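Have your viewer open as you read.

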Amino acid sequence: MIRRYAFGCPLQTGAVSLDLPKEQDGVPFLEVSRAEKAVTLSMALAKDDLIMGLGENVGPINRRGRRYQSWNSDEFNHTEDRQSLYASHNLLLVLCAAPFALYLDDPGRVTWDLGFTDADTMRIESENGDFDLYIITPEDDAFSAIDLCRQFRRLTGRSYIPPRWALGYIQSRWGYASEEDVKTVARCHREKHIPLDGICLDIDYMDAFRDFTVNKAAIPDLKGLCDRVKADGLHLIPIIDAGVKADENDPVYAEGLKNGYFCRKEDGSVFLAAVWPGLSAFPDFLREEVRTWFGEQYFAMLESGVDGFWNDMNEPALFYSPEGLEDAYGALAAMKGELKAHDASFKLIGAVNGIKNSMDDYRRFFHSMNGKTVRHDRVHNLYGAMMTKAAAEGMRRFAPDRRMLLFTRSSFIGTHRESGVWMGDNFSWWSHLALHLRMLPSLNMAGFIYCGADIGGFGADTEEELLLRWLQLGAFTPLMRNHSALHTREQEIYRFSNWRQMRDAVRVRYALLPFLYSEMMRAILQDGMLFRPLCFDYPLDPHAPTVEDQLMLGESCMIAPVLAPHAKGRYVYLPEDMLMVLFASDTQYTLSHLEKGHHWIDMPDGTFPLFIRRGKAAFLCRAEERSHLVNTDEMTVLGWDHDGEITWYEDDGITADVSLEKGLRHRTFPREA
Ligand code: MIG
């Protein structure tokens, strides 16, 4: 059951796709209070109530005891205390005696105090005070959390469906700049027989970081390169940034300027801020005509043969505005000679650091929404979502029948219908490997099924063992991309001495690919989740809510990867009897029948487990070096006590029009002893 409550004049975000009538009664469960514009919703929490959701954020799966802020941020420092990352997914699940979910459809700043200030109280505050609040209550007692998420998806629409090849391994690095770089990556994977399906181009492919340009000196013929890459069974995925270089010789800028497509300041002039290309203008993606126009800019590269894009810097990230820079210089000048030793460095650094992604700048420019002028900060969290909508709609117009790969850094609810997400700039830290695991279910709750983190870690220098363990988690995530930052250690698999074990993790992924694709598609087409916390599936198991380092995967499986250095194994909790498949490679693995309960499990370096619930099954196919070569002609069924009937989903992996019924396949196997 879903009910809508309107507060003030809700801004139309497009997040929700069901048109529900406004309730006239008071909001259930929550106490409502107002202070000026702001609205606060609060509720008393009982000791064991669990709070989950909020999509892309740091912290535990059970978010109880913490605070968060919906404010899309270009934040490369994903430390434990971060209250915001790049996205705002205002879905919260309150799993208490009368479980419910709430969705706050508000594009401005929202703070979530989930038992932080007062352990027994939850307080949610909307700064705008104008929003639609949706309250979802269970329709089904047995699986209430899963059911709440399913209803949320019915409210907000079906999740994005990537092409099947997007489940292949993707290699990326900030720094690949030329045709030579692309060829080298392809060749080195080939030489060591490391499976690969895609190569990402980061900003270095552009001409001076200008959107929709290609540096001709480094890539003289993009179409020729795409053709060659395609003939090798690979796909190119270039990046696009939100800001458009303010240069009248740039056709995108000139056209946007002529048509009034950029965000403006109060005095009517175009708002400019520095990002990678230098001073740039920001398309007003909140307007439909601007989205249509920007979406068309993707066409030329699509014509050259690229099969997808990633959208970046769309919070939007702002290095500084000319005004902000002036203010900082002014502040520094005023400090000259005046600073006292004990606070000098703080004040100096503060004045300079403050120019980046500054609130002053976010208040300096305006959008036009349905003919009304709206200051950016009121709708900040929609910006990346609307850029990505522009790209998704453009690609759909370009090739209506074909699926394309798209993933974005910034998002809002609704983006899950158009695109995948990657989790942004993590570090090569073991703690971020664990963070990757914990963010998967909360992103899935919010509808983002096609997602993943930068494998190996983006910032800082990766270590061989960390990359290996990360690949062993990434082997199960829909987006499996190795990506790293400029100036960090190069982390392509082939550079490491234990590349064989890393390759074997990727080969396991390819052997599982038809199974994983099937599980992902069934989750998407049934408004379900691919990754779930254990307590979703075992609501009566008192230990399940405490498990933050294992996940249910699809209908049949559980994962429990190694997340610590030097570990030769780990403790795993089995909520029921399971078959453990301990992979050393796609063809070498051991099977163990394990009973419900706690187990220490040896998982030496090159090995990693997949657990299959008793009575259910998974299957392996023959691994190949490209995903399109992996087929279901032969499969090895893995299971314990299953009935020998395998049902899976399969399609051509590229046609946009899909249906669960048409895709379901069955095969019978002799029952194992
Ligand atoms: O300011 O394009 O998160 O994946 O490599 C950094 C360069 C801009 C941030 C993205 C990262 C990408 C990087 N970008």
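Start with Asp 425: an N or O atom in its side chain sits 2.4 Å from an oxygen atom of the ligand. His 483 also has a polar side-chain atom 2.9 Å from a ligand oxygen, and for Trp 276 the N or O to oxygen distance is 3.0 Å. The protein covers 95% of the 360 Å² of accessible area that the ligand has on its own (Shrake-Rupley, 1.4 Å probe). In total, 13 residues surround the ligand, counting any with a heavy atom within 4 Å of it. Asp 202 and Asp 312 are also among the closest.

A quick word on ground rules: this is a predicted model, where local features need pLDDT of at least 70 and side-chain atom pairs need 80 or more, while totals for chains, interfaces and linings use all residues. Residues are numbered from 1 along each chain as its sequence is written, and side-chain values use heavy atoms, leaving out hydrogens and water.

Most residues other than glycine have a negative phi, and most peptide bonds are trans. Yet Glu 315 and Pro 316 are joined by a cis peptide bond, with omega about -5°. Pro 316 is in the loop between β18 (308-312) and α7 (322-335), with helices (H or I, at least four residues) and strands (E, at least two) taken as DSSP runs numbered from the N terminus.

Phe 29 has a positive phi, near 70°, and is found in the loop between β1 (2-7) and β2 (31-35). Phe 209 has one too, about 65°, in the loop between β13 (198-201) and α3 (222-231).

Methods. A polar contact is a pair of N or O atoms within 3.5 Å; within protein, one must be able to donate a hydrogen and the other to accept it, and residues adjacent in sequence count only if both atoms are side-chain atoms.
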